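Dear colleague,

Please find the structure we spoke about below, with its sequence.

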Amino acid sequence: MSYCPNAMRISRMSDEQTPSDSKLTTSKRRWAAEGKFLTGRISRPETERLPPGQHLVKNWPVLDLGQQPVISLNTWRLEVRGLVERSLDLTWAAFQAMEQSTKVSDIHCVTTWSRYDNKWKGVATRDLLDLVMPKPQANYVMLTSYDGYTTNLPLSDFAAEDAILATSWEGLPLTHDHGGPMRLVVPHLYLWKSAKWLRRVDLIPADQAGFWEKNGYHMYGDPWREQRYTDD
Ligand SMILES: Nc1nc2c(c(=O)[nH]1)N[C@H]1C(S)=C(S)[C@@H](COP(=O)(O)O)O[C@H]1N2
Ligand SMILES: [Mo]
């Protein structure tokens, strides 16, 4: 593999290690421990567009572990493995040749900002799943990114109608800081489930915790039910 030195260092991390801490990472671990931002209110998308405890922003903040991997389109791959009839190892050209979809969605970050009406273009997760054909025992997905980040969600949520493997935002190529060249967007869950710089999708039988889920954040992360932190 021929990523930049930074990405090479990241790609050598084993699954047991976690990406190194930034100041924000440390703060977010503490917020999970303290239950920060929980309002105790419940609202529903049908009655209120903004989930409880969220505020609207017009800009789009950048949040990650502080290590943005450099990815070359020549070596970029998207792998889909696990409980599938046909595993995939897509090059950038093969990914671009897939049917392209457009979705408009609101996004909600657990750090309390929400942004309305984001226009995405890319490959609908359903179109990817049609290619791999999940086996009946596949119930969850584990996502792994080029920076070593991982996150988990049910397969049915990954397959949501508006979930997209996005390469474009507001008519422009997705910028690197927001996960370009390609990131997942699953708008009905908190944005930490939407892996930036996505590299691998594993279809698995039972739920497993990803990075934030091991660090005090909820296994599912529904903004409408304010599932910010592990309930224990
Ligand atoms: N690969 C990767 N994806 C990631 C993260 C990360 O650190 N690495 N952070 C998550 C978190 S906590 C959030 S809130 C969103 C932020 O996306 P943005 O920077 O485009 O706003 O990305 C999510 N996806
Ligand atoms: Mo986040």
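The notes below begin with the ligand and then turn to the salt bridges and the backbone.

This is a predicted model, in which local features need pLDDT of at least 70 and side-chain atom pairs count only at pLDDT 80 or more, while totals for chains, interfaces and linings use all residues. Residues are numbered from 1 along each chain as its sequence is written, chains are lettered from A and ligands numbered from 1 in the order in which they are written, and side-chain values use heavy atoms, with hydrogens and water left out.

Ligand 1 is surrounded by 21 residues, counted when one of their heavy atoms lies within 4 Å of it, and the closest are Pro61, Asp147, His178, Arg183 and Lys196. By class, this shell has 13 nonpolar, three polar and five charged residues, where Ala, Val, Leu, Ile, Met, Phe, Trp, Tyr, Cys and Pro count as nonpolar, Asp, Glu, Lys and Arg as charged, and the others, Gly among them, as polar.

Backbone atoms also approach the ligand: a polar backbone atom of Pro61 is 2.7 Å from an oxygen atom of ligand 1, and one of Leu65 is 3.0 Å from an oxygen atom of ligand 1. A nitrogen atom of ligand 1, in turn, lies 3.1 Å from a backbone N or O atom of Ser194. The protein covers 100% of the 530 Å² of accessible area that ligand 1 has on its own (Shrake-Rupley method, 1.4 Å probe).

The structure holds eleven salt bridges, each a side-chain nitrogen of Lys or Arg within 4 Å of a carboxyl oxygen of Asp or Glu. One of them links Arg30 with Glu34, with the closest N and O atoms 3.7 Å apart; both residues lie in helix α2 (residues 23-34), four residues apart, about one turn of the helix.

Two places in the backbone deserve a mention. Gly180 and Pro181 are joined by a cis peptide bond with omega of about 15°, and Thr112 has a positive phi, near 90°. Most residues other than glycine have a negative phi, and most peptide bonds are trans.

Key. A polar contact is a pair of N or O atoms within 3.5 Å; within protein, one must be able to donate a hydrogen and the other to accept it, and residues adjacent in sequence count only if both atoms are side-chain atoms. Helices (H or I, at least four residues) and strands (E, at least two) are DSSP runs, numbered from the N terminus.
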